[in-house]
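I opened my notebook beside the viewer and wrote down what I looked up, one entry at a time.

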Amino acid sequence: SIQLKFLTRHGFYFLFNIYSEVLCSHYWNRHVHGKRVLVVTNETVAPLYLDKVVDALTRGNPNVSVESVILPDGEQYKDMVCLMRLNWLLFLLALF
């Protein structure tokens with residue numbers, strides 16, 4: 001399964017597995033209220049789902065800008081170094 005995390009200005013607020021409904025734009029229109037989305041995925045999942053998720057996020061909502069981060073695959077990359085890099089990226093994206 002694929003898990004997605006969403007970050008709002010209040011912090012991470014939900015995590016869920018990807019199902020076919022998540023690849024539909026009507027699902028995202030109900031849950032994404034901001035203008036910028038960061039999709040975090042890995043080298044295994046990205047080729048399978050990244051384009052579909054980006055399409056679902058932006059279809060019917062031209063105001064949404066989507067950035068993505070593709071991490072190496074493997075448990076060894078789920079560490080504080082990776083988390084700090086993501087935090088830094090979120091900080092930089094917030095500036096622009």
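**Entry 1: starting point.** In which helix is the place of K52? I found K52 in helix α2, residues 46-58; helices here are DSSP runs of H or I with at least four residues, strands are runs of E with at least two, and both are numbered from the N terminus. Before going on I noted the ground rules. This is a predicted model, where local features need pLDDT of at least 70, side-chain atom pairs count only at pLDDT 80 or more, and totals for chains, interfaces and linings use all residues. Residues are numbered from 1 along each chain as its sequence is written, and side-chain values use heavy atoms, with hydrogens and water left out.

Back to K52: it counts as partly exposed because its relative accessibility is 46%. The cut-offs I used are under 20% relative accessible area for buried, over 50% for exposed and partly exposed in between, with a 1.4 Å probe and protein chains only. I also looked up its distance to S25, which is 27 residues away along the chain: the two C-alpha atoms are separated by 9.8 Å.

**Entry 2: the whole chain.** I listed 3 helices and 4 strands. Read from the N terminus, their order is β-β-α-β-α-β-α. Of the 96 residues, 29% count as buried. The accessible surface comes to about 6900 Å², and carbon and sulfur atoms hold 58% of that; the areas come from the Shrake-Rupley method with a 1.4 Å probe, and for residues only the protein chains shown count as cover. I then turned to contacts, meaning heavy atoms within 4.5 Å. Among contacts with a separation of 6 or more, 59% are between residues 24 or more positions apart.

**Entry 3: the cores.** Which residues make up the largest nonpolar core? I wrote down 11 residues: Y27, W28, V32, V37, V39, A46, L50, V53, A56, L57 and V64. A nonpolar core here is a set of buried Ala, Val, Leu, Ile, Met, Phe, Trp, Tyr and Cys residues joined through side-chain atoms within 4.5 Å. Helix α1 (25-31), strand β3 (36-42) and helix α2 each supply at least two residues of this core, and α2 gives the most, with 5 residues. Another core of 6 residues lies apart from it, with L38, L71, L86 and L93 among its members. As a background note, nonpolar side chains tend to be buried together in soluble globular proteins.

Leaving aside neighbours within four places in sequence, L50 is in contact with V39, T41, V45, S68 and I70.

**Entry 4: strand β3.** T41 is found in strand β3, and T41 counts as buried because its relative accessibility is 12%. With neighbours within four places in sequence left aside, T41 is in contact with A46, L50, V69, I70 and L71.

N42 also has its place in strand β3. The side chains of N42 and D73 are joined by a polar contact of 3.3 Å. For a polar contact I required a pair of N or O atoms within 3.5 Å; within protein, one must be able to donate a hydrogen and the other to accept it, and residues adjacent in sequence count only if both atoms are side-chain atoms.

**Entry 5: a salt bridge.** How many salt bridges does a search of the whole structure find? It finds 1, where the term means a side-chain nitrogen of Lys or Arg within 4 Å of a carboxyl oxygen of Asp or Glu. The side chains of D55 and R59 form a salt bridge at 2.5 Å, N to O. D55 is partly exposed because its relative accessible area is 37%, and R59 is partly exposed because its value is 38%.

R59 sits in the loop between α2 and β4 (65-71). Apart from neighbours within four places in sequence, R59 is in contact with L23, S25 and N29. R59 and W28 are 31 residues apart in sequence, and their C-alpha atoms are 9.5 Å apart in space.

**Entry 6: aromatic rings.** W88 and F91 are stacked, at 5.3 Å centre to centre with 25° between the planes. The rule pairs rings of Phe, Tyr and Trp (its six-membered ring) if their centres lie within 6.5 Å; planes under 30 degrees apart count as stacked, over 60 as edge-to-face and the rest as tilted. Because W88 and F91 are 3 residues apart in helix α3 (residues 80-95), they are separated by about one helical turn. W88 is exposed, with a relative accessible area of 52%, whereas F91 counts as partly exposed at 44%.
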